[in-house]
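This report describes selected features of one protein model, going from its sheets to its helices and its charged pairs. Please keep the sequence and the 3D view open while reading.

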Amino acid sequence: MPDPNGFLRYERQLPKRRPVPVRIRDFREVYPPAGEELIRDQATRCMDCGIPFCHEGCPLGNRIPDWNDLVRTGAWEAAAESLHATNNFPEFTGRLCPAPCEAACVLGIADDPVTIKQVEVEIANHAFDLGYVRPQPAPAATGKKVAVVGSGPAGLAAAQQLARAGHAVTVYERDDRIGGLLRYGIPDFKIEKDVVDARLAQMAAEGVVFETGVEVGVDVTADDLRERFDAVLLAAGALAGRDTPETPGRGLNGVHLAMEHLVPANRVVAGLQETTPVDAAGKHVVIIGGGDTGADSLGVAHRQGAAGVIQLDQYPLPPSIRAAEQHPWPTWPVILRNYPAHEEGGERVFGVAVQEFVDDGSGNVKAVRVADVTVERVDGVRTVTVAEGSERDLPADLVLLAIGFDGTEKQPLLDQFGIDRNRRGVLDADHTWQTSAPGVFVAGDMHRGASLIVWAIAEGRSAAAAIHEYLGAAGELPAPVRSSAQPIGV
């Protein structure tokens, strides 16, 4: 039973980040390992609430109060077992998830919420360090084969669940290494790649086969998959970057989608190439977009030695605390979110929109022309009003567009299966997680659109359960969400 007085004895506290002057000289993770005493104190803050709404905030159904109390008492192995019961990759989510569970924490109604995410990652770290993470191969094979297209969190979660159920699983990845955005989209200062490799080693020992450098639909066709496998899961993400082709000057040299900056930067850090074609070194950088991808680009620009960075956001400066009228507990609040990259430098400008990318006369960008704007949404219709006379130029040698994603990419495989993208650019699924093509399932961002890592894992686990049933295998696998599920408040 949790300590009902723990939140009265301890204040919310996170481990100190590595000093800015030190960490911007490398790409190692921002947070060093936390001390065990700190984590046990923070876990003790988990109150004995009657209805733990953190369960509602997390689509995985994590047993948060259970493993918090196990950490409080020092039962790390039991805590790891409880954590892994609902989450295949807590070392990923503990580093990368924005923690909707904390927004739904009951303690957060009148106090600072429990540091759920930090406790989670420390349980996962302990589990690896102390040898609690071991392969769990299936006791017997079912004789069924499943192909998983895409090796991000959704595909990997489904693959692990299906392999442990006895199915022969092959994961196809078009890049040269497994991991999807975990590998090449997210910088190492948020998750170092040996963390990913450690989990992949466990999965390989459980029988999952990884095929890299294979573009399904080109190197392997839909007919090939139909012939070789009993079911197919599409989990190739939503990587079609949102662009602004109508903005004057978009075609200038130096204007790039953010992923054109992040992917080669990750490859340089991994030692796979010596230089990157999109380097911020010595440049005045303007990042358009205020979300996770923009913050990732900001942190990379700092480490590459940018002369200066400005990050633009079309929306007004949000409040620092929850505005209960618009975003009541336990929904996800719109508040100012300061990422570690923001304390490393740069300037943030809110309530502006780009009017033009300015040419230096030789086809290169030299500035971004912006204007103050007001954004309104009435009956679902979004309007942007420009303030007259507010235009000004911001110097820019490099512009990075981090304004979201427009769904999954157009690809031959979809045509070969006869599957159409919907109006949001992603794939529809029925209640069994099947697409319009029989025996072809979908999960993660390819189904939901760009979303949180916890939703990707939850959908991967649920699609795996549906595939297991479709194959006629004995027993059931856990399915934490329905294909139609939405976050609280949506």
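## A helix across the β5 sheet

Helix α14 (residues 258-269) lies across β5 and β13 (398-401), running at about 70 degrees to β5. Axes are lines fitted to C-alpha atoms, for helices over the stretch in contact, and angles run from 0 to 180 degrees between N-to-C directions. The model is a predicted one, in which local features need pLDDT of at least 70 and side-chain atom pairs count only at pLDDT 80 or more, while totals for chains, interfaces and linings use all residues. Residues are numbered from 1 along each chain as its sequence is written, and side-chain values use heavy atoms, with hydrogens and water left out.

The open sheet of 5 strands to which these strands belong has the order β5-β13-β6-β7-β8, with parallel pairing; two strands pair if DSSP finds at least two bridges between them. Its edge strands are β5 (255-257) and β8 (347-350), each of which pairs on one side only, and neighbouring strands are turned by 20 degrees against each other on average, direction ignored. Between β7 (residues 308-313) and β8, which run parallel, there are 4 bridges, and Gln311 stands opposite Arg348 in β8. Helix α15 (residues 292-304) packs on this sheet, touching β6 (284-288), β7 and β13, and its direction makes about 175 degrees with that of β7.

## The β1 sheet

Another open sheet of 5 strands has the order β3-β2-β1-β4-β14, again with parallel pairing. Because β3 (209-212) and β14 (440-442) stand at the edges with a single partner strand each, one side of each is left without a neighbour in the sheet. Neighbouring strands are turned by 20 degrees against each other on average, direction ignored.

Strands β1 (residues 145-149) and β2 (residues 168-173) run parallel and are joined by 5 bridges, with Tyr172 in β2 as the bridge partner of Val149. Helix α10 (residues 153-164) packs on the sheet and touches β1, β2, β3 and β4 (231-234), its direction making about 165 degrees with that of β2.

Strands β9 (residues 352-359) and β10 (residues 365-378) run antiparallel and are joined by 7 bridges, and Asp359 stands opposite Val365 in β10. The hairpin has 5 residues between the strands, and there Gly361 takes a positive phi near 95 degrees.

Asp393, in strand β12 (residues 392-395), is in contact (heavy atoms within 4.5 Å) with Val358, Ala367, Val368 and Arg369, leaving aside its neighbours within four places in sequence. Asp393 is partly exposed, with a relative accessible area of 39%; with a 1.4 Å probe and protein chains only, buried means under 20% relative accessible area, exposed over 50%, and partly exposed in between.

Gly131, which follows α9, has a positive phi near 80 degrees.

Glu120 has its place in this helix, which comprises residues 116-129, and touches Asn62, Trp67, Leu83, Asn87, Pro90, Thr93 and Gly94, not counting residues up to four places away in sequence. Although buried, Glu120 has no salt bridge, and the nearest side chain of opposite charge, Lys117, is 8.0 Å away.

## Salt bridges

A salt bridge is a side-chain nitrogen of Lys or Arg within 4 Å of a carboxyl oxygen of Asp or Glu, and by this rule the count comes to 25 salt bridges. In one of them, the side chains of Asp197 and Arg183 meet at 2.6 Å, N to O. Asp197 lies in helix α12 (residues 193-205) and Arg183 in helix α11 (residues 181-184), so the pair ties together parts that are 14 residues apart in sequence. Arg183 is buried, with a relative accessible area of 6%, whereas Asp197 is partly exposed at 36%.

The side chains of Lys190 and Asp296 also meet in a salt bridge (3.0 Å, N to O), which links Lys190 in the loop between α11 and α12 with Asp296 in helix α15, 106 residues apart.

Conventions:
Helix = DSSP H or I, 4+ residues; strand = E, 2+ residues; numbered from the N terminus. Lys, Arg positive; Asp, Glu negative; His and termini not counted.
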